[in-house]
Amino acid sequence: MCEPDGSEVRAGRVPAEQRPDRPPSPATGADRNHLPAGPLLDAVRRLARRRHESLRELLSRELFVAYCNAHARGTVNLVTLERFCDEILGWHPRMLYGDAYDQAAFRSPDSA
């Protein structure tokens, strides 16, 4: 099918100029947007103390490295945060960060 200007339009696709403006998907900036690491690090340390385990015992090697990196940088990206929450804490990141998590999840990476 062709438009009056001669451009081709494929079925099921809306030309860019006709797409509604909508916020980016949360996954768009999940690996580039960061939050302060403090609440996550504190929660992981509390869990380790409660279980009488060291961080190395509690965390997989990969998550232990991520923990150390977050501690050194002072921030954690959303993908890593969600992994800690899913695999270690059993919580949703919003339980640690509240509205700040939502703001970071829906913020485009360009505006970070």
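So, H1 passes H4 in a left-handed crossing; left-handed here says that the near helix is turned anticlockwise from the far one by less than a right angle, while clockwise would be right-handed. Helices, by the way, are DSSP runs of H or I with at least four residues, strands are runs of E with at least two, and both are numbered from the N terminus. This is a predicted model, where local features need pLDDT of at least 70 and side-chain atom pairs count only at pLDDT 80 or more, though totals for chains, interfaces and linings use all residues. Residues are numbered from 1 along each chain as its sequence is written, and side-chain values use heavy atoms, with hydrogens and water left out.

Back to that pair. Two packed helices are described by the angle between their axes and the distance between the axes. H1 is residues 38-51 and H4 is residues 78-89, and they pack at about 15 degrees with axes 11 Å apart. The axes are lines fitted to C-alpha atoms, for helices over the stretch in contact, and angles run from 0 to 180 degrees between N-to-C directions. So H1 and H4 come out roughly parallel: that label is for angles under 35 degrees, with over 145 roughly antiparallel, 65 to 115 roughly perpendicular, and the rest oblique.

Who's touching whom? On the H1 side we have Leu40, Ala43, Val44, Leu47 and Arg51, and they meet Leu81, Phe84, Ile88 and Leu89 in H4. Contact means heavy atoms within 4.5 Å. By class, that contact of H1 with H4 has 8 nonpolar, no polar and 1 charged residues. Nonpolar covers Ala, Val, Leu, Ile, Met, Phe, Trp, Tyr, Cys and Pro, charged is Asp, Glu, Lys and Arg, and the others, Gly among them, are polar.

Next, H3, residues 61-73, packs on H4 at about 130 degrees, with axes 11 Å apart. That makes H3 and H4 oblique to each other. Glu62, Leu63, Ala66 and Tyr67 of H3 make the contact with Thr80, Arg83, Phe84, Glu87 and Ile88 of H4. The tally for H3 with H4 is 5 nonpolar, 1 polar and 3 charged residues.

And then there's H6, residues 99-106, which packs with H4 at about 135 degrees, axes 11 Å apart. H4 is oblique to H6, then. Leu78, Leu81 and Glu82 of H4 contact Tyr101, Ala104 and Ala105 of H6.

Now cysteines. How many disulfides are there? The count is 0, taking a disulfide as a pair of cysteine sulfur atoms within 2.5 Å. Cys85 is buried at 0% relative accessibility, whereas Cys68 is partly exposed at 34%. Buried is under 20% relative accessible area, exposed is over 50%, and partly exposed is in between, using a 1.4 Å probe and protein chains only. Met95, in H5 (residues 94-97), is exposed at 59%, and its C-alpha is 9.3 Å from that of Cys85.

Last, two histidines. His34 is in strand S1, residues 34-36, and is partly exposed at 32%. Leaving aside residues up to four places away in sequence, His34 touches Arg73, Thr75, Val76, Asn77 and Arg107. His34 and Val76 are 42 residues apart along the chain, with C-alpha atoms separated by 5.3 Å.

His52 sits in the loop between H1 and H2 (55-58), and is exposed at 73%. Most residues other than glycine have a negative phi. In His52, phi is positive, near 55 degrees.
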